[in-house]
Amino acid sequence: MSDLFKVPGPDGEPRTSVLLVHGLDGHHYNTWRWGTDKPWDADETFWPAWLAHERASQTLAVYVIGYDAPVSR
């Protein structure tokens, strides 16, 4: 089972979308951040939010996908 999460960003119709997919033993949130335990809409270490809020990419929708990907079962 997988889950798709839209990273909060500017309102409006996006012209382009980006989907970030973590690797083995990854996580839809922790893979893309550094350090803190803040929620993702308040976390300045969550770099997909930088993409969503970048002035040059005002028409970019950013998504992350979460799914089980253990190294071995």
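Is histidine 22 buried or exposed? Histidine 22 is buried, with a relative accessible area of 3%; buried means under 20%, exposed over 50% and partly exposed in between (1.4 Å probe, protein chains only).

The model is predicted, so local features need pLDDT of at least 70 and side-chain atom pairs count only at pLDDT 80 or more, while totals for chains, interfaces and linings use all residues. Residues are numbered from 1 along each chain as its sequence is written, and side-chain values use heavy atoms, with hydrogens and water left out.

Histidine 22 sits in the loop between β2 (16-21) and α1 (47-53). Helices (H or I, at least four residues) and strands (E, at least two) are DSSP runs, numbered from the N terminus. Beyond its neighbours within four places in sequence, histidine 22 has contacts (heavy atoms within 4.5 Å) that include His27, Trp32, Ile65 and Tyr67.

Two aromatic pairs are present. Rings of Phe, Tyr and Trp (its six-membered ring) pair if their centres lie within 6.5 Å; planes under 30 degrees apart are stacked, over 60 edge-to-face, and the rest tilted. Tyrosine 29 and phenylalanine 46 form a tilted pair, at 5.0 Å centre to centre and 45° between the planes. Both residues lie in the loop between β2 and α1, so the pair ties together parts 17 residues apart in sequence. Tyrosine 29 is buried at 12% relative accessibility, and phenylalanine 46 is buried at 0%.

Tryptophan 32 and tryptophan 47 pair edge-to-face, because their ring centres are 5.5 Å apart and their planes stand at 85°. Tryptophan 32 belongs to the loop between β2 and α1, tryptophan 47 to helix α1, 15 residues apart. Tryptophan 32 is buried at 13%, whereas tryptophan 47 is partly exposed at 32%.
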